[in-house]
Amino acid sequence: MVELRSSEADPPAVHFDDEERPARDLSGRVGLGVAVVACVVALLVLWQVFRPLAQGSQFYLIVFLAGTLPLVLLCYHSGWGRAPRRRPSVVDWVLAAVTLIVCLYPINPFGGGYDGFLNRQGLLEPADVLFGAVLLVLTIEACRRTTGWALPVVCVLFLAYGYYGGLMPQNWDLAHVGLDFDQIVDALYNSGSGFYGTPLDVAATYIVLFTIYGAVLDLSGASRFFVDLSVAAFRRSRSAAGRTAVAAGFLLGTVSGSGTATAVSVGAVTWPMLKRAGYPPEQAGGMLAAAGVGAILSPPTLGAAAFIVAEYLDVSYLTVLGWAMIPTVLYYLGILLAVEIDVRRFGVKAVDLPQTSALRLLARFGYHFSSLILIVVLLAAGVSATRSVVYATILAAALSFLDRRSWLTPGRLFNALSAGVRGVLPVVAVCAAAGIITSITTKTGLGAKLASKLISWAHVFGDNPTLVLALTTVLAAIALAILGLAVPVTASFIIGWVIIGPALLQLDVPAPAAAMFVFYYSVLSEVTPPTALAAVGASAITGGRTIPTMWQALKYALPAFLAPIAFVLTEPGEYLLARGPVLGIVWTTLAAALAVFGLAVATGGWVPGVGAAPLPARVLGGLAGLLLLYLAPLTIAAGVVALSLAAFLAYLYRRRSVAAPPAVPSS
């Protein structure tokens with residue numbers, strides 16, 4: 001492969017998720033013990049795919065949570081006082097042991113065993129309530145360790161609403177009959193809607209398999225190949241450095257499904273060449289962050305929330321991949337246009353890159369694409385997503401032996417399996433905590449109540465159905481953006497779906513459009529100031545200022561903030577999810593692509609192929625983007641006219657600049 005300088009060597013492993021705060025780098029006997037437990041959990045997960053446990057899925061989730069939640073408390077620092085940061089403290093060991101006991105309590109052989117525990121649903125014994133309450137506290141603590149305080153606080157607020165909501169005046173819109181503590185614990189601990197609800201089911205059934213697959217693919221040399229291929233593909237272009245960063249972000253994203261991880265991995269390799277090309281640290285960091293976040297939008301892995309979309313809507317994962325195809329293309333089109341504009345606007349220089357042929361690399365190492373292709377082919381053939389990714393993992397492991405440097409020996413395979421499970425630990429904590437939110441929402445009917453409230457606020461400005469839908473969409477987008485500032489992507493989607501989703505569905509928005517709207521706004525919190533995690537990670541690589549890097553990332557990702565609104569505002573908007581007639585999909589995609597072009601002109605101050613755009617041209621470009629995204633014939637025509645006027649003004653501006661006589665220096 002391409003030989004890079006030491007600073008541009010293999011990117012770091014990409015098998016961790018955005019939900020994650022820095023974990024301890026455990027070593028010695030403790031590190032080995034954690035790795036062994038994680039590997040055993042991985043083997044259980046793989047066994048479950050082909051030989052499901054006879055006791056049912058909830059039994060499996062109990063065992064899975066018992067194997068992973070204690071690891072969270074050992075692998076993540078508590079942040080309290082003088083607790084050691086490089087190894088678990090005595091308190092951590094005690095909490096992990098207690099967690100193991102309370103997780104396994106429902107399947108203990110005493111008191112009737114697992115069947116006896118289920119039979120006590122709604123009539124829990126005092127011991128059941130005690131163990132469930134302890135698990136509730138430990139779940140919130142695990143979530144705090146992996147994501148910070150925001151999501152635990154949200155969980156506590158929902159618990160308080162469930163407990164005290166019955167004390168509200170019953171004529172209030174949000175009042176309910178009230179839940180006592182036993183009922184709350186019963187809903188969380190002994191039902192399929194609490195800790196063991198859909199979020200944890202998705203994490204234990206799908207997400208963990210993809211993190212294992214990503215770890216195997218990474219250790220097989222795929223990450224290095226994807227970066228080398230991106231470098232080789234653009235080596236003769238003045239835009240080579242920027243294009244390489246974007247292409248590498250997309251390719252690595254197919255492996256990781258993680259925005260921050262991809263931004264850091266790509267940045268570690270491409271920042272030196274971006275710096276030599278003349279990119280300021282903040283601008284380069286923004287580009288890397290935007291390209292990295294595209295990983296959560298990029299098939300075939302997407303992000304964790306995409307699996308929950310499939311589960312909630314009861315569709316195949318391949319269907320969700322199909323919905324994501326056109327928006328992903330539009331997202332990266334916007335970034336590439338911004339890259340090309342920046343090259344011309346800021347005079348970015350060409351850099352010397354390794355002179356290796358992309359075709360030669362493809363011929364030698366193109367087999368790394370095989371497992372990715374296999375996933376799609378198997379899904380299309382009707383094979384389940386779980387089996388498809390297992391078969392792809394086996395193929396990736398077998399193909400590693402085509403490169404001597406990447407052989408997956410038994411030791412390295414053990415590392416991949418354990419790393420895959422460690423990579424899903426923060427997601428497990430988030431999904432278990434999200435079960436608190438979904439369970440309370442279901443028990444109290446909060447989702448429907450908030451949805452009605454949101455629609456009633458929109459009705460304040462008028463009763464026109466189009467106006468109400470537009471205002472509800474804008475309010476929903478603002479609410480999701482604010483929510484995403486506080487909680488991780490997966491939790492943001494779950495909360496958004498149970499609260500915002502019903503409002504859109506009440507306004508006759510198709511379920512796929514509503515779900516993908518919530519999904520995209522949840523993902524985009526990764527580049528939304530002031531908590532854009534991908535931008536924070538990228539700025540750490542480039543050494544740029546964090547807040548300016550966030551604003552640059554927002555500039556690159558702007559089309560992605562507006563395109564989801566097109567899903568729900570008009571009926572043709574659903575065509576952007578590849579749902580509808582072929583001709584309709586084609587014309588809406590072209591209109592959306594022109595909209596992205598107009599937004600790039602507005603944010604970049606340049607019309608590609610023409611020249612610098614003065615302020616009036618930038619305003620017209622932004623207006624054109626908004627009009628074109630409405631996807632109605634009249635607004636599309638108006639958008640085309642506005643975009644044409646923007647290009648014409650840029651042309652006149654360039655003519656005047658060329659014709660203007662050079663300034664005479666004063667004597």
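The following legends describe close-up views of side-chain contacts in a predicted model.

**View 1. Salt bridge between Glu340 and Arg243.** The two side chains meet with an N to O distance of 2.7 Å. Because Glu340 belongs to helix 14 (residues 317-346) and Arg243 to helix 10 (residues 240-256), the pair ties together parts that are 97 residues apart in sequence. Glu340 is buried, at a relative accessible area of 15%, whereas Arg243 is partly exposed, at 25%. A search of the whole structure finds nine salt bridges.

**View 2. Lys555 with Asp342 and Tyr556.** Lys555 and Asp342 form a salt bridge through their side chains, at 3.5 Å from N to O. Lys555 lies in helix 24 (residues 546-569) and Asp342 in helix 14, so this contact ties together parts that are 213 residues apart in sequence. Both partners are buried: Lys555 has a relative accessible area of 18%, and Asp342 has one of 1%. Lys555 also lies over the face of Tyr556, at 4.6 Å from the ring centre.

**View 3. Salt bridge between Glu574 and Arg579.** The closest N and O atoms of this pair are 2.5 Å apart. Glu574 is buried, with 13% relative accessibility, while Arg579 is partly exposed, with a relative accessible area of 33%.

**View 4. Aromatic pair of Tyr163 and Tyr164.** The count for the model comes to 24 aromatic pairs. In this pair the ring centres are 4.9 Å apart and the planes stand at 90°, so the arrangement is edge-to-face. Tyr163 is partly exposed, at 40% relative accessibility, and Tyr164 is likewise partly exposed, with a relative accessible area of 48%.

**View 5. Aromatic pair of Phe210 and Phe307.** Here the ring centres lie 4.8 Å apart with the planes at 55°, so the pair is tilted. Since Phe210 is part of helix 8 (residues 198-219) and Phe307 part of helix 13 (residues 304-313), the contact ties together parts that are 97 residues apart in sequence. Both Phe210 and Phe307 are buried.

**View 6. An aromatic cluster, and a charge over a ring.** One aromatic cluster is formed by Phe225, Phe226, Phe365, Tyr367 and Phe369. In a separate contact, Arg404 places its charged end over the ring of Trp407, 4.1 Å from the ring centre.

How values were computed: Residues are numbered from 1 along each chain as its sequence is written. This is a predicted model: local features need pLDDT of at least 70, side-chain atom pairs count only at pLDDT 80 or more; totals for chains, interfaces and linings use all residues. Side-chain values use heavy atoms; hydrogens and water are left out. A salt bridge is a side-chain nitrogen of Lys or Arg within 4 Å of a carboxyl oxygen of Asp or Glu. Helices (H or I, at least four residues) and strands (E, at least two) are DSSP runs, numbered from the N terminus. Buried means under 20% relative accessible area, exposed over 50%, partly exposed in between (1.4 Å probe, protein chains only). Rings of Phe, Tyr and Trp (its six-membered ring) pair if their centres lie within 6.5 Å; planes under 30 degrees apart count as stacked, over 60 as edge-to-face and the rest as tilted. A charge sits over a ring if NZ of Lys or CZ of Arg is within 6 Å of the ring centre and within 35 degrees of the ring normal.
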